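Here is a short report on one protein model. Keep the sequence and the 3D view open as you read.

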Amino acid sequence: SDHMENIDGYLMKYTNLVTGWQYRFFVLNNDAGLLEYFVNEQSRHLKPRGTLQLAGAVISPSDEDSHTFTVNAASGEQYKLRATDAKERQHWVSRLQICTQHHTEAIGKNNPPLKSRSFSLASQGSANSPGVQRRPSQNAVSFFSVGHHRLPTGKRVPIMQPDHLVDVREMMSQAEGQQRDLIRSIECLPASGHLTSLDQDLLMLKATSMATMNCLNDCFHILQLQHASQQKGSLPAGTTISWLEPKISLANHFKNGAAQNFPAEINKPASVREEQSLAEPCQLTREPEEINADEELEDICDDKEDDLGAVEEQRSVILHLLSQLKLGMDLTRVVLPTFILEKRSLLEMYADFMSHPDLFIAITKGGSPEERMIRFVEYYLTSFHEGRKGAIAKKPYNPIIGETFHCSWRMPKSDVAANAGTNSSAHSPSEQGTLPKDPEGQAELDYYTVKFVAEQVSHHPPVSGFYAECVERKMCVNAHVWTKSKFLGMSIGVTMVGEGVLHLLEHGEEYTFSLPCAYARSILTVPWVELGGKVNINCAKTGYSASINFHTKPFYGGKLHRVTGEVKQNMTNTVVCRVQGEWNSVLEFTYSNGETKYVDLTKLSVTRKRVRPLEKQGPFESRRLWQHVTESLRDGDIDKATEHKRALEERQRSEERLRAETETPWCTKYFLKDGDGWVYHKPLWKSVSAAQTQQTDSN
C-alpha cells in the first residue's frame, strides 16, 4: 500500500559510545521489516552499523519533548532517536508503527495462540535436558507460549456487576499463581549454559510480569472503590480516583539463587535503627570547625551526568533488581548499584541549589514585604535547574551519618545591585540602591559572602540539615530534609519531608517553605527527572504567602516540567503575582501592575562555589570521604567504585551496631535537635540578637 513505503533520512541517535547525540542515516526496509542505520548516506551501500527487527517492536514518542522517540525491539535492544521537528517525528513514528504492525501480524498468523490460558516453560527438565537447550535463533521471548481468552465475535463486554468482582478476584488469583510458577521456572534454570536464570530477556520478563500484576491489583482496588461509592450513592462532581499502593498483598516471590552477586540487600536483616529521635538531645561533643573562607578556592569540578555509560551496559542488573522490588516498597534500605550514581553527595546537591547567590541576596533588598516575597519565589523557582547535573537522572551518594559539606560563594556587590535594580523595574519602584556597610565596621569589601554548611544528622531515617548565611545582609536559611524513596513500577519517587526557614533579620521576617517531590522516570531506558507536588511559602509577619504547583506530566498530552503559582496577600486575598512556565527552561512572572517578566533559566549566570582543597578537608567532609568512589566513577571502573562504596557503608553499619550495643546515642557536630526539626548550632539570628542586646545595655 501507499503507507508501506521505504523511507530514509538523517536522525539523531543517542549512543553510549560518546556523550550525547550523533547524526546517523536511517533506512526503513518495509519488505524485510528492518530499521537499519549507517554513519552517513554515502556509506549506505556498506554493512549497516546497526539493525533492528521491527516484528514485535514498540514505537513510542517520548514524553521529554516533541522531537524524540524510541524504538524498542522484542530482543530488548532500543534506539533512542530524535527528529528535527515534531512533523518529521510523526512521519517516522507512523511509518515505523505500520511496518511493525504488518510484520507482527504476519508472525501471529504463522504462530496461532494456544487455546489454553497458560504460561509454561518448554521444559522443566535438568540443565542437560534437550528441552532446555535453546537454538541460536530462538530468543527468550519465543521460549514462552502465551495464550489468551477471546470474546465471541459481535458480543460486547457486559457492564461490571458487583458479583463479577468475585470472578475477577478469582481470575487474578489464578494469574498470581501462574506468575509465581513463571518466576520459579526461571529461577530454577542453571546459572550457565545457553539459557540461564540471568538471561536479559528473562529478567525483563520477571520485572514486567511483576509490574503487570501490581498494576492489575491497583485497577482491582479502584473497581472496589467505585463499587463502594455506588453502594453509598453516586460520586460527587469533580471527584477523581488516584492510583494507590496495592491493597492486596501479592504472593511472596522467590529470590534468585545468584542474588548475592548483585549489590542489592533487599532481604537481608535490617541494621539497627538510630535511636537518636528517642533519646534526649545531646550537646555537641565534637568541636565544630570554623571554616576559613580564604582557604576556599573556586570550584573547577564540572561532572555533568549526560552519558548513560555503564547504565546501558549493566541493564541486566537493573532488571534483576526490579524483579525483586514490589510496588510502593521503601527503598531507604535498598543498596542500589554503583553505576547509577552521580559523582557527588546529596549534601553537595543541596549546596548546588544555591548557585544563584545574587538572587538570594537580592531578596532582602526588596523595598516592601510584597516585593521581598516575590523575590523569594523567583529565587526559589530558579534554584532547581542548577541543582541537577545534566539531563540523565542519576542518584547522588547517600551521605554517611556525620558527613559534612562546606562551601561559599563570593558575589560582587555591584552585580547584586544591578540585579536588584532590574527586578524592581518589573514590579516595584522602591528599590534601595545603596550598598550596605560592613556590619563589623571594618573596611568595606567589594563582594558579599554566602557561607554554606550541611550535615547528615541521622541515618535511619536519613535526615540532612543545611544552613546558609550572608552576614553582610543579615540573612540566613536553615532547613532539614528527610528523603523517603519508593519504587513506583517503572519509576522511583522521592518525597522531601521537612521544612526550611529563611530569616531576613533586617526586616524581622521569617519565610517558611517546603520542597517538591522528585521522580526518576523511564528507569529501564533513558532515566530523566521530574518534579511534582504542591509547595507553600508563608511569611506570618507580613501576611504574604505563595502557592506553587509542580505538575507531573499526565498520561496523555500536556507538557513536561510545568510549574504554576501565585503570590497573594492573605488579609485581602489579593493575588499580586502569577507565575507559569517550566522549572528547567523559561518562567513567566506577571505582576499586579500588568507588567510581565521572563526568566530564561538556561541563560542565568551561575556563580561557582568555593571549596577547600581535598588536603585541607576533614576526613568526614563529602569530597574527601567519597574521593575514591568519585575517582573510580570518572575512570569508568565500576567494580573499584563499588568496592570503595561498600567499605564506607560497612564501616557505617559497624559503628551503628557498636553504638546500639553500648547504648550510645549519636551526637551531631553542627546541628541540634529542635522539636521535630534540626537547627544550626550558631545561627545568625542568635548573634544578631546578642549584638542588639549588648548595644541596648551599653546605651
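**Aromatic rings**

This is a predicted model, and in it the count of aromatic pairs comes to 20. Take Tyr350 and Phe353. Their ring centres lie 6.5 Å apart and their planes meet at 40°, so this pair is tilted. Both Tyr350 and Phe353 are buried.

With Phe466 it forms a stacked pair, 5.1 Å from centre to centre and with 25° between the planes. Why does this pair tie together parts that are apart in sequence? Tyr350 lies in helix α6 (residues 346–352), while Phe466 lies in strand β15 (residues 463–470), so the pair links parts that are 116 residues apart in sequence.

Are Tyr350 and Phe466 buried or exposed? Buried means under 20% relative accessible area. Tyr350 has a relative accessibility of 1%, so it counts as buried. Phe466 has 9%, so it counts as buried too.

These residues belong to a wider group. Ring pairs link Tyr350, Phe353 and Phe466 into a cluster whose members also include Phe376, Tyr380, Phe384 and Trp409. Phe452, Tyr511, Phe513 and Phe550 are in this cluster as well.

**Charges over rings**

The table gives two cases.

| Charged residue | Ring | Distance from ring centre |
|---|---|---|
| Arg82 | Trp21 | 4.0 Å |
| Lys484 | Trp482 | 5.0 Å |

Now turn to strand β6, which spans residues 68–72. Strand β5 (residues 58–61) is joined to β6 by 4 bridges, and the two run antiparallel. β5 and β6 form a hairpin, with 6 residues between them.

β6 also pairs with strand β7 (residues 78–82). These two run antiparallel, joined by 5 bridges. Thr70 has Lys80 as its bridge partner in β7. Phe69 has Leu81. β6 and β7 make a hairpin too, with 5 residues between the strands. In that hairpin, Gly76 takes a positive phi near 100°.

β7 has a further neighbour. Strand β1 (residues 8–14) is joined to β7 by 2 bridges, again antiparallel. Met12 has Arg82 as its bridge partner in β7. Arg82 is also the residue whose charged end sits over the ring of Trp21.

How many residues of β6 are buried? The number is 4 of the 5, so β6 is largely enclosed by the rest of the structure. In β7, 4 of the 5 residues are buried, so this strand is largely enclosed as well.

In a regular strand, side chains alternate between the two faces of the sheet.

**A closer look at Thr70**

Thr70 is found in β6. Its relative accessible area is 14%, so Thr70 is buried. Its side chain makes a polar contact of 3.3 Å with the side chain of Asn72. Which residues does Thr70 touch, leaving aside its neighbours within four places in sequence? They are Val58, Ile59, Ser60, Gln78, Tyr79 and Lys80.

**Helix α12**

Helix α12 covers residues 638–662, which is 25 residues. From its first C-alpha to its last it reaches 36 Å, close to the 36 Å expected at 1.5 Å a residue. Its buried residues include Ile638, Ala641, Thr642, Lys645, Leu648 and Glu649. Gln652, Arg653, Glu656 and Arg659 are buried too. An α-helix has 3.6 residues a turn, so residues three or four places apart point the same way. Just after α12, Glu663 takes a positive phi of about 55°.

**A loop residue**

Leu189 sits in the loop between α2 (164–187) and α3 (200–232). Its relative accessible area is 11%, so Leu189 is buried. Leu189 and Asp199 are 10 residues apart in sequence. In space, their C-alpha atoms are 9.9 Å apart.

How values were computed
Residues numbered from 1 in each chain as written. Predicted model: local features only at pLDDT ≥ 70, side-chain atom pairs only at ≥ 80, totals over all residues. Heavy atoms only, no water. Buried < 20%, exposed > 50% of the residue type's maximum accessible area, 1.4 Å probe, protein only. Polar contact = N/O pair within 3.5 Å; in protein donor to acceptor, adjacent residues only side chain to side chain. Contact = heavy atoms within 4.5 Å. Expected span 1.5 Å × (residues − 1). Phe/Tyr/Trp six-rings, centres within 6.5 Å; stacked < 30°, edge-to-face > 60°. Lys NZ or Arg CZ within 6 Å of the ring centre and 35° of its normal. Pairing = 2+ DSSP bridges.
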